[in-house]
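This report describes a metal site and a pocket in one protein model. The sequence and structure are shown first.

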Amino acid sequence: MNERGYSDTCIFCKVVKGMVRADIVYQDDAVVAFKDIHAQAPVHVLVIPRFHMTALWEADLSHEGLLGHLLASCNEVAQVMGISDSGYRVVINTGDDAGQSVDHLHLHVLGGRKLQWPPG
Ligand code: 5GP
Ligand code: ZN
């Protein structure tokens, strides 16, 4: 990771930098939200911090503001995508057992259909 908080090898850092194409639905000074390339629901958006952070396990209380910002951004995304009334789910996969496949913290916003519970 360089001094500006980017990882040169991270695909989501490349999305933030505009080096990899993404269908961005919402962004501000701290986060970028874009459609998942393998959508698991009619609405499937990933919300990521602009700076590189591997996973939720890296977070501590110093990240309280960012984590709140990320969660509030999920609701912005839900409104933009028209699923805030019908309902939606926010998921953070962390580590191997959860199936995390991209090592840049991301929140999944899923909706647009009835979602099963519990997840597999
Ligand atoms: P995870 O399994 O780590 O919780 O979620 C990673 C998600 O990122 C997956 O749902 C996968 O489809 C998505 N993904 C991986 N690479 C890309 C990409 O290059 N572009 C987009 N838009 N989504 C990606
Ligand atoms: Zn990254």
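How much space lies in the largest pocket? In this predicted model, the largest pocket holds about 790 Å³ of space. Its lining is made up of 32 residues, and those closest to the centre are Asp36, Gln40, His44, Leu46 and His108. Two or more lining residues come from each of α1, β2 (31–35), β3 (43–49), β4 and β5. The largest share, 3 residues, is given by α1.

The lining of the largest pocket divides by residue class as follows.

| Class of lining residue | Number in the largest pocket |
|---|---|
| Nonpolar | 15 residues |
| Polar | 11 residues |

The zinc ion (ligand 2) is coordinated by the SG atoms of Cys10 and Cys13 and by the ND1 atoms of His52 and His104, at 2.1 to 2.3 Å. Why is the arrangement of the 4 donor atoms around the zinc ion (ligand 2) tetrahedral? The donor atoms subtend angles of 104 to 118 degrees, and four donors count as tetrahedral if all angles lie between 85 and 135 degrees; the arrangement is therefore tetrahedral. For four tetrahedral donors, the ideal angle at a metal is 109.5 degrees.

Along the chain, the donors of the zinc ion (ligand 2) follow the spacing C-x2-C-x38-H-x51-H. Cys13 and His104 link distant parts of the chain, 91 residues apart: Cys13 belongs to helix α1 (residues 11–17), whereas His104 lies in the loop between β4 (88–91) and β5 (107–111). Both Cys13 and His104 are buried.

Technical notes:
Residues are numbered from 1 along each chain as its sequence is written. Chains are lettered from A and ligands numbered from 1 in the order in which they are written. This is a predicted model: local features need pLDDT of at least 70, side-chain atom pairs count only at pLDDT 80 or more; totals for chains, interfaces and linings use all residues. Side-chain values use heavy atoms; hydrogens and water are left out. Donors are N, O and S atoms within 2.8 Å of the metal (3.2 Å for Na, K and Ca); water is not among the atoms, so sites may look incomplete. Four donors count as tetrahedral if all angles lie between 85 and 135 degrees; four count as square planar and six as octahedral if opposite donors are over 155 degrees apart and all others between 65 and 115; anything else is irregular. Helices (H or I, at least four residues) and strands (E, at least two) are DSSP runs, numbered from the N terminus. Buried means under 20% relative accessible area, exposed over 50%, partly exposed in between (1.4 Å probe, protein chains only). On a 1 Å grid over the protein atoms alone, a cavity is a set of points where a 1.4 Å probe fits but cannot get out, and a pocket is an open set with protein on both sides within 12 Å along at least five of seven lines; lining residues have an atom within 4 Å of a point. Grid points are joined across faces, edges and corners, and a volume is the space filled by probe spheres set on the points. Ala, Val, Leu, Ile, Met, Phe, Trp, Tyr, Cys and Pro count as nonpolar, Asp, Glu, Lys and Arg as charged, and the others, Gly among them, as polar.
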